[in-house]
Amino acid sequence: MSMPVLKAENMNHPDAISGQSLKSAILHHICYTLGNDPDKPDKYSMFMGLAHSVRDRLIEHWIKSQRALYDTLAKRVYFLSLEFLPGRFLKNYLISLRMEDEARQTLKEMGFDLDELEEQEWDAGLGNGGLGRLASCYMDSIACLDLPGYGYGISYDFGIFHQMIENGYQREQADNWRRRGTPWEILRRNHLQPVRFFGRTETYRDEEGRQRYRWVDCEVVLAMACDILVPGYGDSYVTNMRLWAAQSSREFNLEHFNQGDYIGAVQSKVLSENISKVLYPSDELRSGKELRLKQQYFFVAATMADIIRRYKKLSRSFTDLPNFVAIQLNDTHPAIAIPELMRILMDDEGLGWDEAWTICEQTFAYTNHTVLPEALESWPVDLIGRLLPRHMQIIYEINHRFLEGVRRQRPGDDRFVSRVSLLAEGAVKHVRMANLAIVGSHSVNGVAALHSRILQERLFNDFHQLFPNRIRNVTNGITPRRWLQQANPALADLISSAIGADWICDLAQLEKLAPLAQDAQFTAQWTNVKRENKSRLARYILRKIGLGVNPDTLFDVQVKRMHEYKRQMLNAMHVITLYNRIKAQPEVDVVPRTIIFAGKAAPAYHQAKMIIKLINAVANVINSDAQVRGRLRVLFLPNYCVSQAEKIIPAADLSEQISTAGMEASGTGNMKMSLNGALTIGTLDGANIEIMECVGADNIFIFGLTSEEVLARRRSGHDPGRYYQSDDELKQVMDMLTSGRFSPQEPELFKSITDSLHQSDYYMLMADYRAYIDTQEKVSRLFADPAQWARKSILNTARMGKFSSDRSIMEYADHIWHVQPLPLT
């Protein structure tokens with residue numbers, strides 16, 4: 001069971017590790033890494049043994065990739081994101097290394113099943129929703145395209161939360177995803193970056209008599225680097241995410257301990273390490289706001305120190321920094337990096353303001369992920385000033401110089417100046433982080449064509465006037481390796497058997513499927529794959545919540561973060577409408593449906609949590625009613641995560657993408673489901689528009705108000721009452737909710753929801769209800785024609801080539817980062 005030593009002279013040999021028997025490597029790690037008896041392994045020991053064996057191979061490729069980076073002096077990309085949502089690693093690594101068949105066969109010989117072992121792995125709690133999943137897709141594409149890039153974030157001890165459903169309500173439990181350890185992180189315990197907080201600034205004169213600043217009397221927290229490897233597909237390139245874990249600079253106060261103050265002895269350690277304890281701590285209290293800002297600066301400061309450390313190895317002037325470093329800010333969370341780089345360049349490296357600012361502008365790029373003004377991040381000036389006093393000084397100076405230039409362009413236009421200012425006046429003055437990110441970056445991009453147009457014409461129109469070429473579009477994408485090859489292996493195999501496997505790294509190749517939509521044999525195979533995926537999901541649902549569902553029904557799926565603008569409530573209103581129709585005319589044939597919801601609501605978002613309760617209350621009534629049995633099933637799957645999505649998405653027949661038009665930046669769930677052959681019902685919002693343009697208007701179900709119409713209704717005074725009075729089915733639905741039909745013990749339980757719809761209907765559910773119901777009838781009619789449904793399903797998959805994250809990343813690489821793939825041999 002002994003393993004050969006990995007020596008420098010044999011590092012370039014392709015079989016340095018891969019030539020070993022995988023079985024021997026697994027048993028070696030069970031014995032010597034885990035300290036267990038290799039003759040009696042259980043599932044978890046076998047999983048860990050396999051995981052460490054896979055990691056060995058990844059490390060070899062990673063070292064070779066890093067050497068190539070230094071040999072070529074390539075410009076590097078640093079992707080800063082407060083969250084990543086990678087899902088499980090094992091299967092992804094095996095597929096990337098093309099080891100899946102080898103691993104499956106080896107495990108079978110050892111008496112284990114790979115799919116069962118995969119269930120031993122918990123999803124990494126490093127992200128929450130679309131922002132983190134997009135970041136992980138982008139890291140996959142960076143690696144697959146051999147681009148010199150790294151991800152940077154935080155190594156959280158706990159994810160956002162583990163969602164339980166109790167009596168229909170969401171309950172949050174700690175997501176202790178590390179409780180049995182993780183084999184994937186490489187802890188760099190000798191790689192610690194000091195991060196400072198609080199303190200004060202003081203001025204002094206340097207040797208040349210220039211006034212300089214220094215940040216003194218600070219509290220220090222140490223950031224330990226934790227690397228998670230990210231492989232390309234089928235080649236030897238491996239990069240990494242570097243995530244930071246907080247460690248106290250003072251582990252233990254012996255004096256306090258000896259005096260009996262056992263809590264005080266470790267208080268500093270506990271408070272320091274809270275920084276990386278949990279993703280998105282509640283910010284309702286001031287202490288929570290402070291912790292969130294600490295998190296953002298903590299990972300930014302450690303990352304910037306790491307970037308500068310690496311850059312200094314090149315022994316080049318800092319004026320060359322933008323030629324070797326590109327920093328992408330994934331939303332506003334890392335925007336504090338702009339004043340941090342200014343602080344480093346001026347205070348540590350002695351550059352003047354103008355030179356430092358030019359370097360910053362040319363180095364940073366910012367991706368915006370929201371069209372909601374209230375979602376744009378801002379921080380109280382007094383909080384930043386207390387926590388990061390030097391940075392607040394720099395922000396004031398950035399704003400002063402920026403507004404001087406604005407006033408020269410727009411003399412006398414004080415309202416314009418106020419709108420673009422980095423500081424929002426009011427009872428509590430705030431720093432607008434999006435404004436800081438725009439001013440301090442050379443490129444700002446939206447994530448779908450409509451989103452970017454809204455940024456230019458509405459949300460950031462003032463900045464678009466000041467910087468006409470700065471705001472651009474890069475439509476989001478998804479990695480086909482995770483979301484088709486891994487999540488839907490049966491469909492991936494069918495596609496590869498028909499057109500070859502080049503689509504895995506060139507998704508445009510899927511267009512070759514289009515002619516096969518007319519082929520009866522191929523469409524039958526396609527339908528059989530979908531049926532088996534639905535059966536697999538049905539078994540999962542039965543195991544997860546004890547509810548049986550029929551895989552021959554239409555699987556109508558809405559899985560995403562719970563938010564009013566995503567309009568899970570509109571879907572619930574359609575469910576009640578279907579129920580009412582069946583009850584009123586039980587003799588009429590209907591297309592049977594299984595309607596599947598999943599998604600987490602933020603712990604403090606009461607309305608979203610009440611919508612979860614409402615969905616479960618409606619499901620309880622419908623699923624208990626014998627009159628609708630076999631024709632309508634409704635369910636809410638708890639704890640939506642990447643591994644659950646990999647089971648749901650391949651089984652979806654209908655993809656619900658029904659957000660209020662103009663409010664979803666892009667969405668990527670729409671892409672994942674279309675790629676797997678689901679048909680979309682959706683509004684003209686986010687990337688739905690571009691999906692429609694690609695798949696064809698005849699192969700998607702579009703309904704509802706446009707973003708312009710939504711805006712016009714709000715400006716003119718939207719009256720939801722007229723829809724209620726003029727639509728008998730809508731009136732019946734609303735009256736059932738108001739009367740407590742689904743909550744007889746608490747008739748007013750859903751009053752906050754119904755009041756919102758009756759009084760303002762801000763998200764236009766009442767306005768879009770009838771168009772949605774009528775479009776759902778078209779869905780049912782088409783599903784009743786299996787051949788036509790299958791044809792459109794194939795065309796959806798065939799025309800998804802644009803939505804690969806490989807395309808997105810190459811647009812960033814070519815037009816924003818200006819980096820080239822590494823010439824690996």
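Q: What makes the link between the side chains of Thr-332 and Glu-377 a polar contact?
A: A polar contact is a pair of N or O atoms within 3.5 Å; within protein, one must be able to donate a hydrogen and the other to accept it, and residues adjacent in sequence count only if both atoms are side-chain atoms. The Thr-332 to Glu-377 contact has a length of 3.1 Å, so it falls within the 3.5 Å limit.
The model is predicted: local features need pLDDT of at least 70, side-chain atom pairs need 80 or more, and totals for chains, interfaces and linings use all residues. Numbering runs from 1 along each chain as its sequence is written, and side-chain values use heavy atoms, without hydrogens or water.

Q: Which residues of helix H17 are buried, and what covers them?
A: In H17 (449-459), the buried residues are Leu-450, His-451, Ser-452, Ile-454 and Leu-455. Their cover includes strand E15 (443-446), helix H18 (461-466), strand E16 (471-473), helix H26 (688-695) and helix H27 (707-716).

Q: What makes the largest nonpolar core a core?
A: Its members are buried Ala, Val, Leu, Ile, Met, Phe, Trp, Tyr or Cys residues joined through side-chain atoms within 4.5 Å. The core has 148 residues; Phe-197, Phe-298, Phe-402 and Trp-817 have the most contacts inside it. Helix H9 (286-312) gives the largest share, twelve residues. Apart from this core lies another, of 71 residues, including Tyr-565 and Phe-750.

Q: Which residues does Phe-197 contact?
A: Leaving aside neighbours within four places in sequence, the contacts of Phe-197 include Trp-215, Ile-275, Tyr-297, Phe-298 and Leu-387.

Q: How many residues line the second largest pocket, and how do they divide?
A: The lining has 34 residues, with Lys-91, Arg-104, Asp-115, Gln-486 and Pro-489 nearest the centre. The pocket volume is about 900 Å³. Helix H21 (520-545) gives the most to the lining, six residues. Twelve lining residues are nonpolar, five polar and 17 charged; Asp, Glu, Lys and Arg count as charged.

Notes:
1 Å grid on protein atoms, 1.4 Å probe; cavity = no way out; pocket = protein on both sides within 12 Å on 5 of 7 lines; lining within 4 Å. Points joined across faces, edges and corners; volume = space filled by probe spheres on them. Helix = DSSP H or I, 4+ residues; strand = E, 2+ residues; numbered from the N terminus. Buried < 20%, exposed > 50% of the residue type's maximum accessible area, 1.4 Å probe, protein only. Contact = heavy atoms within 4.5 Å.
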